[in-house]
2 protein chains.
Amino acid sequence: MTDSDYVEVEVVGVGHGVDNKAVVLLKDQSDRQLPIWIGHCEALAIVQRLNKEFDPPRPLTQDLAVNLWKRLGGTLTQLRIDDLWEQVYYSKLTVEQDGQSVEIDCRPSDGIAMALTAEVPIFVANRVFVESSREEDEPEDE
Amino acid sequence: MTDSDYVEVEVVGVGHGVDNKAVVLLKDQSDRQLPIWIGHCEALAIVQRLNKEFDPPRPLTQDLAVNLWKRLGGTLTQLRIDDLWEQVYYSKLTVEQDGQSVEIDCRPSDGIAMALTAEVPIFVANRVFVESSREEDEPEDE
């Protein structure tokens, strides 16, 4: 898959739905929207990151993960949301260490919170937008 | 501070209190107990780790952090809860990489969830037990 198959998105915000679920809304430059249903704890982490004035007294879970990756010589460079299969979104974080790329599977909600923490771009595969628009139900992140 | 100033503890369980707070209870071999008030999301993460039959379909936040530390050559070896100051508990995770120790500050709740994920020991400074028993209020982890 080439880079042209992915588009950069921004995180519009987080909302709350029924069934103890929250939703994070992403959109690309063409205003195509991608809603991903996520858990409340992950929603809270994303909301905290979107609030630029939020300044926790202690490192939160995402700070801990990203800070320790840095201490181990790893630099988070991007999140890619690359698949939607059987109602579940899949994504990967990329970390660079000593000129090598390390990719790791993650839930999109964790990945979005980590990407916002490290201020790195989020990309979505074009086919994920297409498949999401075909879904009648609400695809989730786990 | 020498190793004899620390004792290994086990995680007894998690309970729920008032004011939207949860508590995780630690105890040492002499049955000295240490309650730490934590957030609900961190409590959920700890409960999930204590439930040996819990088998999430996707990596959770703590799995993501620990797995990526491993991929970067880091091995989590222990959690130390080393201070209680102005009603807040402090702790550090130790990660070994290439024969070097990397220590990182964390909230005890995150540290406990990470230690349970990686199945490494948790130590508490003796003076933290002493100071905790003197507190009239409920010290927290942030």
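# Predicted two-chain model: questions and answers

Student: How many of the eleven residues of H3(A) are buried?
Tutor: H3(A) is mostly covered. Helices are DSSP runs of H or I with at least four residues, strands are runs of E with at least two, and both are numbered from the N terminus. A residue is buried under 20% relative accessible area, exposed over 50% and partly exposed in between (1.4 Å probe, protein chains only).

Student: What area is buried between chain A and chain B?
Tutor: Buried area is the accessible area (1.4 Å probe) that two parts lose on being put together, summed over both. Carbon and sulfur atoms give 67% of the area at this interface, and the total is about 2,900 Å².

Student: Which three residues supply more than any others of the area that chain A buries against chain B?
Tutor: By contact (heavy atoms within 4.5 Å), 34 residues of chain A touch 34 residues of chain B. Three residues together supply 26% of the area on the side of chain A, and these are A:Arg58, A:Leu64 and A:Leu72.

Student: Which residue of chain B forms a salt bridge with A:Arg58?
Tutor: A salt bridge is a side-chain nitrogen of Lys or Arg within 4 Å of a carboxyl oxygen of Asp or Glu. Across the interface of chain A and chain B this rule finds two. In the one formed by A:Arg58, the closest N and O atoms are 2.9 Å apart, and the partner is B:Asp105.

Student: Which element gives the largest share of the side of chain A that touches chain B?
Tutor: Between the two chains, 16 residue pairs are in polar contact, that is, N or O atoms within 3.5 Å; within protein one atom must be able to donate a hydrogen and the other to accept it, and residues adjacent in sequence count only if both atoms are side-chain atoms. H1 (40–50), H2 (61–71), S5 (88–97), S6 (100–106) and H3 (108–118) of chain A each supply at least two residues of the side that touches chain B. The largest share is eight residues, from H2(A).

Student: What surrounds A:Asp28, and what is its relative accessibility?
Tutor: A:Asp28 belongs to strand S2 (residues 22–28) of chain A. Its side chain has a polar atom 2.9 Å from the backbone nitrogen of A:Ser30 and reaches the backbone nitrogen of A:Arg32 at 2.8 Å. Beyond neighbours within four places in sequence, A:Asp28 is in contact with A:Val7, A:Glu8, A:Val9 and A:Phe129. A:Asp28 counts as buried because its relative accessibility is 5%.

Student: How far apart in sequence are the parts tied together by A:Lys92 and A:Asp82?
Tutor: The closest N and O atoms of this salt bridge are 2.6 Å apart. A:Lys92 lies in strand S5 and A:Asp82 in strand S4 (residues 75–85) of chain A, so the parts tied together are separated in sequence by ten residues.

Student: Is B:Arg107 buried or exposed?
Tutor: B:Arg107 meets B:Glu42 in a salt bridge of 3.1 Å, N to O. The two are 65 residues apart, with B:Arg107 in the loop between S6 (100–106) and H3 (108–118) of chain B, and B:Glu42 in helix H1 (residues 40–50) of chain B. B:Glu42, at 14% relative accessibility, counts as buried. B:Arg107 has a relative accessibility of 2%, so the class is buried.

Methods:
Residues are numbered from 1 along each chain as its sequence is written. Chains are lettered from A and ligands numbered from 1 in the order in which they are written. This is a predicted model: local features need pLDDT of at least 70, side-chain atom pairs count only at pLDDT 80 or more; totals for chains, interfaces and linings use all residues. Side-chain values use heavy atoms; hydrogens and water are left out.
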